[in-house]
Amino acid sequence: MIESLLVANRGEIARRIIRTAKRLGIRAIAVHSEADADLPFVVEADEAVLIGPPNPALSYRNTEAILAAAKATGARAIHPGYGFLSENAEFARTVEASGLVWVGPDADAITAMGDKINARNLMAAAGVPVAPGTTDPAADLDAAVTAAAEIGYPVMVKAAAGGGGMGMGVAVDEAALRTEYDKVRAFAERMFGDGSVLIERYFPRVRHVEVQILGLADGRVVALGERECSVQRRNQKLVEESPSPAVSPELRSRLLAAAVRAGEAVGYRNAGTVECLLVPRQPGSEDDGPGSEDFFFLEMNTRLQVEHPVTEYVYGIDLVEEQLRVASGLAPTFDPDALTPGGHAIEMRINAEDPKRFLPGPGVIRTWVEPTGEGVRVDSGYTEGNTVTPFYDSLLAKLIVSGATRDEVLERARVAVAAFQIEGPKNNVPFFAELLENEEFRSGAYDTGIVSRMR
């Protein structure tokens with residue numbers, strides 16, 4: 001096992017990685033910006049290094065500063081967490097070229113899955129279902145119009161290099177497509193430095209379901225169940241649960257098998273997530289019964305996901321520990337041939353944003369009281385007295401609730417949400433109290449439009 005680990009991230013995910021590293025006897029090293037000097041992850045690390053000002057480009061995305069910190073502290077490995085440089089293939093290559101261990105998939109896998117069009121084509125070749133769409137970027141507006149006519153409206157206009165719900169637009173007809181194409185292309189060039197755009201069929205009533213995979217040190221790829229991620233605002237997740245209330249045993253078997261094929265197609269190692277859309281088959285089709293839904297590959301996240309704790313509960317493993325074992329060339333702590341899920345878990349993302357319009361609301365945390373109790377876990381990045389700045393993502397903490405059944409988890413979640421006290425910055429805790437009383441959500445029969453219907 002590696003003996004020292006630099007965590008190239010911040011907030012709750014840095015704190016969570018540090019916790020596992022220290023449990024395993026690994027020296028945990030934090031890097032931080034000037035704005036984050038007092039946050040818990042900095043205090044709890046064995047060693048911490050200031051790497052720059054609040055601007056992420058000059059700190060958490062600053063490759064030279066991170067590698068200098070690794071050299072100065074004698075770090076043996078780097079864990080990127082999620083966001084920032086976690087899916088930057090060039091950073092992964094640079095880390096390994098520096099003689100350090102990269103805790104993540106290799107750079108070639110990151111590159112292969114980072115471009116949505118290339119990823120779609122690779123998955124189709126591997127027998128993974130993909131939605132009708134372009135196999136090459138729509139070079140110009142005329143090409144986009146031609147493609148959309150062949151695919152059929154409505155269509156999704158997507159930035160090929162995008163991710164995290166950014167760089168997407170829906171067009172219901174040609175007039176809307178002309179507007180969305182220019183908008184998405186300009187956004188993609190500004191945000192990702194790549195204006196490539198793909199066009200694919202848009203399904204208005206879908207569920208967003210993803211599969212956790214783990215590429216082992218011996219070359220095998222295993223699937224650790226699915227997560228339901230359909231509670232979203234602006235295409236960004238707010239709630240995740242496992243197992244999905246929409247997935248039957250038969251559908252689960254097909255989903256997990258496809259996810260394993262996806263990982264094998266790129267020789268995947270370490271933790272990753274295969275994201276899919278679940279689309280009901282048309283009534284009257286050959287098989288339109290429960291579990292017969294069509295599913296289509298959406299994208300692959302070549303990193304640890306925000307929502308990984310729900311999988312940890314259902315499978316009884318520590319995914320960060322498994323990542324570190326793969327990176328160290330060690331076998332997993334579990335038997336890959338005897339994976340047995342059990343129980344249910346739900347995660348709610350506690351953000352510094354108002355609960356109605358979901359607009360960011362930074363500020364000083366005057367009160368911070370986390371819920372406790374059986375089946376309740378809080379992965380937090382802040383505590384009382386900390387300042388939530390406008391420089392980074394609005395995620396404050398993740399409230400994870402587990403239990404034997406979904407009904408038990410829902411009741412525990414209601415109690416936990418009521419007990420979570422945050423004063424100072426705006427926060428979305430009241431939204432979760434509302435969601436947990438929502439009949440559509442409680443029934444499990446919801447889709448990606450649930451937040452829009454609530455608001």
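## Sheet and packed helices

Arginine 207 faces leucine 278 of strand β12; strands are DSSP runs of E with at least two residues, helices runs of H or I with at least four, both numbered from the N terminus. The model is predicted, so local features need pLDDT of at least 70 and side-chain atom pairs count only at pLDDT 80 or more, while totals for chains, interfaces and linings use all residues. Residues are numbered from 1 along each chain as its sequence is written, and side-chain values use heavy atoms, with hydrogens and water left out. Strand β9 (residues 207–215) pairs with strand β12 (residues 270–279) in the antiparallel sense over 9 bridges; two strands pair if DSSP finds at least two bridges between them.

Helix α10 (residues 308–315) packs on the sheet and touches β9, β10, β11 (236–242), β14 (344–351), β17 and β19 (395–403), a contact being heavy atoms within 4.5 Å. The direction of helix α10 makes about 160° with that of β14; axes are lines fitted to C-alpha atoms, for helices over the stretch in contact, and angles run from 0 to 180 degrees between N-to-C directions. Helix α9 (residues 249–265) lies across β9, β10 (221–233), β12 and β13, at about 110° to β10.

The open sheet has 8 strands with antiparallel pairing, in the order β13-β12-β9-β10-β11-β14-β19-β17. Because β13 (294–301) and β17 (376–380) are the edge strands, each with a single partner, one side of each has no neighbour in the sheet. From one strand to the next, the twist averages 25°.

## Cavity and pocket

The structure holds 1 cavity of 30 Å³ or more, and the largest cavity contains about 40 Å³ of space. On a 1 Å grid over the protein atoms alone, a cavity is a set of points where a 1.4 Å probe fits but cannot get out; a pocket is an open set with protein on both sides within 12 Å along at least five of seven lines, and lining residues have an atom within 4 Å of a point. Grid points are joined across faces, edges and corners, and a volume is the space filled by probe spheres set on the points. Residues lining the largest cavity include His79, Trp102, Arg303 and Gln323.

The second largest pocket has a volume of about 170 Å³. Of its 10 lining residues, Arg205, Arg207, Pro280, Tyr446 and Asp447 are the closest to its centre.

## Alanine 35

Alanine 35 is in the loop between β2 (27–33) and α2 (40–44). Its contacts, leaving out residues up to four places away in sequence, are Pro54, Thr389, Phe391 and Tyr392.
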